[in-house]
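Me: I have a model open here and want to go through it piece by piece. Can we start with a strand and work outwards?

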Amino acid sequence: MVGHYGRYSNAMRLYLLILNTMTNLVRKQKKWLLWSVAVAIVLYGCKGEGDELPVPDQAYASTLLEYVPAPGQFINAQIGDLASAKGILNTNNGLVSLGAWGGSITLGFDHTVANVANAADLRVYNNAFNSFAEPGVVWVMKDENGNGLPDDTWYEIAGSETDQEGYIRNYEITYFKPSPITENVTWKDNQGHEGVIKTNNQHKQSYYPEWMGESYTLSGVLLPSTHIQSEGIVTSQPFDFGYVDNQAGEDDIDIDWAIDQTGKQVHLSGIDFIRIQTGIQADMGLLGEGSTEIRGVADIRKLP
Ligand SMILES: [Ca+2]
Ligand SMILES: [Ca+2]
Ligand SMILES: [Ca+2]
Ligand SMILES: [Ca+2]
């Protein structure tokens, strides 16, 4: 019997043996149910047999873990809904808006993105154009406990504006559901300020994420608005480095820019999860609220 299966691996031999035994049983008892059980066992067993080709790592972030936008002109419609959030997976050519300050998207890779020394590691594709940056803050997480879930520590990526005037760590904003639902969205921050996300004529739907309750609070890092010129036509110059939806086309991020809660640099050997969050709270006039958009996220070293 063993000799008959000699050209197969031990595991395969076992499954063929099971198949053979089950076949004999079926022959004797004519129970077709047993046949299906036998086939299922063999098929299941052959999976992971080691004779499949290994699946190469995907260059692009491939899992949507969370989409929590702030209110904005695109929210509850294309490009500010769950379908748009999913549309940036496995590509550099989707498009999702995160809404006003604090809105975020959290993505996972199918492998650990290595932190290569003295080089950028992550590329984030955007819809920024010349003189119209809408900078977003990047957070990274390593799957330290190895459970595949983003339940470890988020580290902020420091950029050119870190600790500059107008930069606030542990910033928070609460957004309130308007009534009627298509009205301006009011907000209050944890610094004693309040304001509104103004609706405009181009986008008539509700700007408040319709799946949120009566109010919700977002926390993160506020970036300065010093790059925004609002006389006449609003322009918004890109920051020097460390942000996304910033330089026209794409922004490269070095994992070595990661800092901890106290602002101290941390060294991570690699990361498994990335969160991108709108970093400014700005009224861009006719162009609506300042809101970070992204098209996709890649591990630079896995790009073709
Ligand atoms: Ca690096
Ligand atoms: Ca984890
Ligand atoms: Ca925008
Ligand atoms: Ca943009």
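Reply: Start with Asn170, which sits in strand S7. Helices (DSSP runs of H or I, at least four residues) and strands (DSSP runs of E, at least two residues) are numbered from the N terminus. This is a predicted model, in which local features need pLDDT of at least 70 and side-chain atom pairs count only at pLDDT 80 or more, while totals for chains, interfaces and linings use all residues. Residues are numbered from 1 along each chain as its sequence is written, and chains are lettered from A and ligands numbered from 1 in the order in which they are written.

Me: What is the phi of Asn170?

Reply: Asn170 is not a glycine, yet its phi is positive, about 55°. Most residues other than glycine have a negative phi.

Me: Is Asn170 buried or exposed, and why?

Reply: Asn170 counts as exposed because it has 10 C-beta neighbours inside 10 Å. The cut-offs are 20 or more other C-beta atoms within 10 Å of a residue's own for buried, 12 or fewer for exposed, and partly exposed in between, with C-beta atoms placed from the backbone.

Me: Which other residue has a positive phi although it is not a glycine?

Reply: Asn90, at about 60°. Asn90 lies in the loop between H3 and strand S2 (96-97). Asn90 counts as partly exposed because 15 C-beta neighbours lie inside 10 Å.

Me: What touches Ser62?

Reply: Asn90 is one of its contacts; the others are Leu89, Gly108, Phe109 and Asp110, leaving out residues up to four places away in sequence. A contact means that the two C-beta atoms, placed from the backbone, lie within 7 Å. Ser62 itself is in the loop between helix H2 (32-46) and S1, and with 16 C-beta neighbours inside 10 Å it counts as partly exposed.

Me: Changing topic. Where are the cis peptide bonds?

Reply: A cis bond joins Gln78 and Ile79, with omega about 10°. Ile79 is in the loop between S1 and helix H3 (82-86). The bond from Ser179 to Pro180 is also cis, with omega near -5°, and Pro180 lies in the loop between strand S7 (168-176) and S8. Most peptide bonds are trans.

Me: What do S8 and S9 form?

Reply: A hairpin, with four residues between the strands. Strand S8 (residues 185-189) and strand S9 (residues 194-197) pair in the antiparallel sense over four bridges; two strands count as paired if DSSP finds at least two bridges between them. Lys188 stands opposite Glu194. In the turn, Gly192 has a positive phi of about 85°.

Me: And the six-stranded sheet, what is the strand order?

Reply: S1-S3-S15-S5-S6-S14, as an open sheet with antiparallel pairing. The edges are strand S1 (63-68) and strand S14 (258-259), each pairing on one side only. Further in, S5 and strand S15 (residues 270-278) are antiparallel over six bridges, and Val140 stands opposite Ile274 in S15.

Me: Which residues touch the most other members of the largest nonpolar core?

Reply: Val138, Val140, Ile274 and Val297, out of 57 residues. Strand S5 (residues 136-141) gives the most to this core, five residues. A nonpolar core here is a set of buried Ala, Val, Leu, Ile, Met, Phe, Trp, Tyr and Cys residues joined through C-beta atoms within 7 Å.

Me: What does Val297 touch?

Reply: Tyr60, Ala61, Leu107, Leu122, Val124 and Ile274, not counting residues up to four places away in sequence.

Me: Leu122 and Val124 are in S4, so which way do they point?

Reply: Leu122 and Val124 point one way from strand S4 (residues 122-125), Arg123 and Tyr125 point the other way, and all are buried. In a regular strand the side chains alternate between the two faces of the sheet.

Me: Which residues stand opposite Tyr125?

Reply: Glu250 in S13 and Gly296 in S17. S4 pairs in the antiparallel sense with strand S13 (residues 250-253) over four bridges, and with strand S17 (residues 296-299), also antiparallel, over four bridges.

Me: How much of the protein is buried?

Reply: Of the 304 residues, 37% count as buried. The protein has three helices and 17 strands.
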